[in-house]
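Take a walk through this structure, one feature at a time. Keep the model in view as you read.

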Amino acid sequence: CILPAPYYTCFENNLSMVSNINTVPAFLRQEQSTLSWILTESSLEDAYTRSMDQGHRPAMLLITNPNNPTGSCYSAEELKMALSWARKKGMFLICDEIYANTTHTTTQMVDNHHVFTSMFNVALSIPTPTNEENIGGGVLGDDVLVMYGFSKDFGLSGLRVGILYTENRELHDAHDNLSSFSAISSDTQCLLNDLLADDQW
C-alpha cells in the first residue's frame, strides 16, 4: 500500500497488524509560499519503485483528503493524476474523506489552499471502460473506493458508523456478508437520518 506522507500513523498498525499489508510512504512536497502539501507523480513512482525493490508489488494507493495531519486538501488535478497513475499500475485507489467537512472557508485560506474536492467527483470526470458487473454500470470503475464516517466532522466516534462507496460488486458482496455481524442499530440510523436531514442546523 502506498501512502502519501505525512499520514495518520495508525494506518501502519491498522494495515500491517490486521491485514499484513506492507506500507510505503510517497513523500509530499511542501509548497513554501502557501504551506500546502503537494502530491506529485514522481513521489508516487519513487514509492512504487522502493516497494518493488523490497519485493512487494503495491496493490493500492490510500489517500486521506483532507490530509491528516497536514489539513491540506488535494487539488482536483492532483487527485486526477493519482487516479490515472494508479490505473496505469493496475492498483486500487482508496480515498478516505472522513474530514471532508472540516476545512477552512475564509478567503485567505481558500486563496492559499485548495478547497475540498471529492474523489467521487474526480473519478466521474475520467472515462473508464464500462463493466456491466459493476454496481451502477461502471460509472466510477471497480478500482475506486471512497470512505467517510461520522466520528470526525460530527464528533460522533462513539456511534462507530462509517460509509464505504464502491462499484466493485465482489467487494460489495464481501462487505454485505460482513455487515451482518456489525449492523447499525435502528436507533442510530434514525438519529443520523434526522441529523443529516436538518438543513437549517
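Predicted model: local features only at pLDDT ≥ 70, side-chain atom pairs only at ≥ 80, totals over all residues.

**Salt bridges and a pocket**

E41 pairs with K88 in a salt bridge, where the closest N and O atoms are 3.4 Å apart. This pair links distant parts of the chain. E41 sits in helix 2, residues 41-53. K88 sits in helix 3, residues 76-88.

Now look at how open each partner is. E41 is partly exposed, with a relative accessible area of 33%. K88 is exposed, at 63%. K88 counts as exposed because its value is over 50%.

Next comes K89. Its side chain meets that of E45 in a salt bridge, at 3.3 Å from N to O. Here, too, distant parts of the chain are linked. K89 lies in the loop between helix 3 and strand 6. E45 belongs to helix 2. The pair is 44 residues apart. K89 is partly exposed, with a relative accessible area of 21%. E45 is also partly exposed, at 28% relative accessibility.

The side chains of R50 and D46 meet in a salt bridge, 2.9 Å from N to O. Both residues lie in helix 2. They are four residues apart, about one turn of the helix. R50 is partly exposed at 23% relative accessibility. D46 is partly exposed at 38%.

How many salt bridges does a search of the whole structure find? The search finds five. Among them are E41 with K88, K89 with E45, and R50 with D46.

Turn now to the largest pocket. Its volume is about 1,800 Å³. The lining has 43 residues. Which of these lie nearest the centre of the pocket? They are M147, G162, I163, L164 and H175.

Several elements build this lining. Helix 1 (10-19) and helix 6 (169-178) each supply at least two residues. So do four strands: strand 5 (60-64), strand 6 (92-96), strand 7 (144-149) and strand 8 (162-166). Helix 6 gives the most to the lining, with six residues.

What classes of residue make up the lining of the largest pocket? By class, there are 24 nonpolar, 14 polar and five charged residues.

Methods
Residues numbered from 1 in each chain as written. Heavy atoms only, no water. 1 Å grid on protein atoms, 1.4 Å probe; cavity = no way out; pocket = protein on both sides within 12 Å on 5 of 7 lines; lining within 4 Å. Points joined across faces, edges and corners; volume = space filled by probe spheres on them. Nonpolar A, V, L, I, M, F, W, Y, C, P; charged D, E, K, R; others polar. Salt bridge = Lys/Arg side-chain N within 4 Å of Asp/Glu carboxyl O. Buried < 20%, exposed > 50% of the residue type's maximum accessible area, 1.4 Å probe, protein only.
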